[in-house]
Amino acid sequence: MATVSFERATRIYPKSNRRAVDSLDLEVGDGEFIVLVGPSGCGKTTSLRMLAGLEEIDEGAISIDGRDVGNLAPRARDIAMVFQSYALYPHMTVAENMGFSLKIARLGKSEIVKRVSEAAKILDLEEYLERKPAQLSGGQRQRVAMGRAIVRQPRVFLMDEPLSNLDAKLRVSTRGQIAALQRRLGVTTLYVTHDQVEAMTMGDRVAVMRDGVLQQCDSPRSLYEDPVNAFVAGFIGSPAMNLIEGRVEERGVALGSTVIPAPRELCQRAGSATGRVVTVGLRPEALEIVPAGQGFPAIVSVVEELGAEAYVYAQMAERFDHSVTAASDVIARVAPRAAPASGDLVHFRAKEGSLLLFDVASGARIS
């Protein structure tokens with residue numbers, strides 16, 4: 001086990017003026033499970049490859065247990081990486097695939113058998129050790145790739161979207177297995193994904209990246225309830241947070257003719273001059289359907305029935321400010337029995353204390 005530290009680590013690809021990773025500062029504790037999440041091209045995989053030694057560090061430093069590893073070859077860093085593709089040798093059995101790196105390292109045959117057997121037991125692969133990869137399902141192949149990393153007994157695990165090739169149902173079960181396995185082994189792990197649901201359910205902490213820049217690193221609950229900017233607020237959560245443009249008023253924030261009450265101090269921080277345009281953040285569960293005249297109107301487009309809950313997708317029935325282009329869509333989570341029908345005119349009210357405000361220009365949270 002080990003600690004990992006990124007200190008203003010930067011990567012600039014040749015013939016590019018854009019920083020793929022820009023001054024990344026991140027501390028990973030001993031045995032911690034950190035998930036790097038963000039849209040495609042945000043720099044999360046590049047950050048992982050920099051730690052692995054597969055990409056150069058143009059500025060800053062990366063250290064493992066306080067030792068700068070920037071000039072070390074990948075094999076000298078004592079890490080194990082699980083890639084998006086399984087990368088199994090088709091002519092080898094499961095046992096041979098799992099033990100191949102140990103064979104290259106010239107470990108004794110008895111030690112290789114011991115480690116492979118232990119990993120197979122942990123991953124429930126004991127009955128498949130003599131099979132070839134072609135005889136396995138996608139989930140089983142992914143477990144073999146995990147076993148190949150486990151037998152090396154590294155100080156750090158690196159996982160680059162290991163579940164992306166699995167179907168939806170298998171992804172759900174496998175992500176739980178990986179999280180439980182990491183906690184059982186206690187190995188420091190950095191995990192890359194673009195799926196924010198995967199990130200929220202697996203990581204001790206989640207690092208959200210955008211355009212090569214770390215936006216926020218915190219516990220899943222803190223990211224959901226206390227995002228630092230509109231990007232994090234909109235990226236974390238499924239369905240996404242409603243981000244609507246409104247105007248600051250003395251009593252709260254106006255969405256068209258409807259004023260959502262807000263603490264006086266929050267309105268003052270949003271701007272002393274009334275009429276300032278801000279971005280209003282409301283989670284789907286923060287909206288409730290009320291009688292006409294008690295909330296802002298919207299026309300229902302689609303209703304998704306999910307059994308225990310329903311999501312109402314609606315379009316605002318009025319413009320909020322003629323000087324700006326206002327968001328026109330809103331999503332609300334409601335009880336299935338209270339769900340309206342497509343085409344209905346409904347009124348939404350925000351629950352008390354659910355309002356978040358963001359600066360329109362910078363996206364920064366007004367707190």
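The buried residues of α3 pack against α2 (94–104) and α4 (138–150), with contact meaning heavy atoms within 4.5 Å. The model is predicted: local features need pLDDT of at least 70, side-chain atom pairs count only at pLDDT 80 or more, and totals for chains, interfaces and linings use all residues. Residues are numbered from 1 along each chain as its sequence is written, and side-chain values use heavy atoms, with hydrogens and water left out.

Q: What makes the span of helix α3 agree with its number of residues?
A: Helices are DSSP runs (H or I, at least four residues), numbered from the N terminus. The expected span is 1.5 Å times one less than the number of residues. For the 14 residues of α3 (residues 109–122) that should be 20 Å, and the end C-alpha atoms are 20 Å apart, so the two agree.

Q: Which residues of α3 are called buried?
A: Ile112, Arg115, Val116, Ala119 and Ala120; buried means under 20% relative accessible area, exposed over 50%, partly exposed in between (1.4 Å probe, protein chains only). They cover an arc of only 135° around the axis, which puts them on the same side of α3. The arc is taken from the directions from the helix axis to the C-beta atoms. Exposed Ser110 and Lys121 are on the face turned away from the buried side.

Q: Why is no salt bridge assigned to Arg175?
A: A salt bridge needs a side-chain nitrogen of Lys or Arg within 4 Å of a carboxyl oxygen of Asp or Glu. The nearest side chain of opposite charge to buried Arg175 is Asp195, 5.2 Å away, so there is no salt bridge.

Technical notes:
Helix = DSSP H or I, 4+ residues; strand = E, 2+ residues; numbered from the N terminus. Lys, Arg positive; Asp, Glu negative; His and termini not counted.
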